[in-house]
Amino acid sequence: MYHRLSAVLFPVMTLMFIGSIYWGYQEHQEKNSILIKAENQYQRAFHDLSYHVEQLHKELGSTLAVNSTSQAYQRKGLVNVWRLTSQAQNEINQLPLTLLPFNTTEEFLSKIANFAYKASVRDLAKQPLSEDEYKTLKTLYKNSDEIAGNLLNVQSKVLANNLRWMDVESALATEKSAQDNTIIDGFKTVDKKVSEYPEINWGPSVASMYQKRSVQMLGGKKMTAEEIKKLAAEFASIKDPSVIRVVENGKGTEYESFSVSAPIAGSDRMIQMDFTKQGGQLVWYMNPKDVAASKLTVDKAEKNATQFLNAHGYKGMKLTNYDEYNNVVAFTAVGSQQGVLIYPEKLIVKVALDDGEVTGLQANDYVYEHHKRKIAKPKLSSAEARKALNPGFKRTNEGLAIIMNDLGKEVLCYEFSGKINGGKYRIYINADNGTEESIEQLPK
């Protein structure tokens with residue numbers, strides 16, 4: 001009996017053993033294939049990064065070398081600088097550097113890209129590069145040479161010693177000591193040197209992009225926790241303020257604020273709000289709820305959103321567009337003055353489509369951009385501005401609006417809504433010179 005079982009089971013076990021070895025071998029091969037592919041991608045991104053930073057240095061030199069009256073070549077050079085820095089940023093994002101402090105260099109490249117882009121999109125014949133901008137280009141030319149040299153130094157060591165990026169990823173992920181890792185040390189050196197560069201005059205349009213909003217930008221007095229509790233009770237119609245919990249954030253910093261939470265009577269839900277400490281302005285409001293089904297139309301939700309805004313002091317806001325998802329509709333509302341829409345002064349209000357209850361308000365932009373503006377009369381008439389539109393564009397609505405242009409400046413535009421090529425669009429034509437400032441595609 002034993003011999004019979006052995007005769008049957010031995011071949012079966014042998015086959016299973018061979019199969020397990022083969023399966024393990026296949027798994028090992030697949031794992032190696034994935035690792036090799038990842039390593040190749042890292043190596044390609046790194047060598048491309050080194051190449052593009054070197055090309056960036058050469059392009060900056062070429063842009064500086066041409067005559068100041070050669071606006072066409074200057075524009076071409078600046079566009080190439082923007083393209084190369086954008087490619088370099090993309091390649092940095094492909095490397096396993098998320099745990100490695102390299103943000104200073106990333107921000108530096110981002111500022112170069114924005115500086116070049118904003119200079120290239122304007123009419124250089126009417127507004128040529130200023131003396132300060134030439135100084136900035138010369139500084140960038142010098143700095144990019146140093147960055148390129150440091151990256152080439154790392155690259156030569158990588159090639160000479162057959163260093164692997166997978167070892168970098170492993171060292172960073174496991175937080176092991178990496179003092180002797182050539183690649184990590186090289187990138188730390190690059191970032192340290194960039195952080196030591198003297199402050200560069202990027203110009204107001206670029207500087208405004210990196211300007212952090214803080215409570216110091218706001219008016220009004222500094223509020224106490226008790227005052228915030230009263231504001232929260234009034235906003236959310238809470239009869240018993242004692243149930244409201246207020247927590248102060250960032251005390252002593254330029255980002256001081258208050259977080260508020262309060263239970264909703266008759267449910268296990270909690271209302272949450274954030275207020276600025278300076279002036280006690282509401283930054284956001286959330287009334288979370290599960291919305292199982294849509295019972296209301298968007299038009300009805302729009303009315304509820306408008307009533308909510310008017311009741312809470314956001315009068316004169318115009319709902320301009322909306323997004324619908326998970327049985328909730330999010331409306332974008334913008335301020336208005338003298339019949340002109342003020343797009344920088346916007347907020348988002350969310351309405352549940354089951355009972356029309358407002359479930360959220362995001363007012364950060366409104367808080368920091370809401371102020372009275374001196375709006376000049378447009379130099380062009382609506383009819384003159386329409387000449388810039390595509391002849392096939394079928395207008396459905398038009399009006400005046402203030403938007404932020406590519407240079408980060410507020411500009412007065414004619415806003416034309418309409419259809420073309422089967423899509424809905426808003427086209428913004430500068431009300432003073434007739435140029436197209438922006439085009440926005442709308443949901444169908």
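The crossing of helix H3 and helix H4 is left-handed, a term used when the near helix is turned anticlockwise from the far one by less than a right angle. The model is predicted: local features need pLDDT of at least 70, side-chain atom pairs count only at pLDDT 80 or more, and totals for chains, interfaces and linings use all residues. Residues are numbered from 1 along each chain as its sequence is written, and side-chain values use heavy atoms, with hydrogens and water left out. Helices (H or I, at least four residues) and strands (E, at least two) are DSSP runs, numbered from the N terminus.

**H3 and H4**

- Helix H3 (residues 103-120) packs against helix H4 (residues 131-161) at an angle of about 140°, and their axes are 12 Å apart.
- H3 and H4 are therefore oblique to each other; angles under 35 degrees count as roughly parallel, over 145 as roughly antiparallel, 65 to 115 as roughly perpendicular and the rest as oblique.
- From H3, Phe 108, Ile 112 and Phe 115 meet Glu 133, Thr 136, Leu 137, Leu 140, Asn 143 and Ile 147 of H4, where contact means heavy atoms within 4.5 Å.
- The contact of H3 with H4 has six nonpolar, two polar and one charged residues.
- An α-helix has 3.6 residues a turn, so residues three or four places apart point the same way.

**H3 and H6**

- H3 also packs with helix H6 (residues 182-195), at an angle of about 60° and with the axes 8 Å apart.
- H3 and H6 are therefore oblique to each other.
- The crossing of H3 and H6 is left-handed.
- On the H3 side the contact is made by Asn 103, Thr 104, Thr 105 and Phe 108, and on the H6 side by Val 190, Asp 191, Val 194 and Ser 195.
- By class, the contact of H3 with H6 has three nonpolar, four polar and one charged residues.

**Length and end of H4**

- The 31 residues of H4 should span 45 Å at 1.5 Å a residue, and the end C-alpha atoms are 46 Å apart, which agrees; the expected span is 1.5 Å times one less than the number of residues.
- Asn 162, which follows H4, has a positive phi near 50°.

**The loop between E5 and E6**

- Asn 326 lies in the loop between strand E5 (318-325) and strand E6 (328-337), and its phi is near 50°, a positive value in a residue other than glycine.
- Asn 326 counts as exposed because its relative accessibility is 66%; buried means under 20% relative accessible area, exposed over 50%, and partly exposed in between (1.4 Å probe, protein chains only).
- Asn 327 is also placed in the loop between E5 and E6, and has a positive phi of about 65° although it is not a glycine.
- At 23% relative accessibility, Asn 327 counts as partly exposed.

How values were computed: Axes are lines fitted to C-alpha atoms, for helices over the stretch in contact, and angles run from 0 to 180 degrees between N-to-C directions. Ala, Val, Leu, Ile, Met, Phe, Trp, Tyr, Cys and Pro count as nonpolar, Asp, Glu, Lys and Arg as charged, and the others, Gly among them, as polar.
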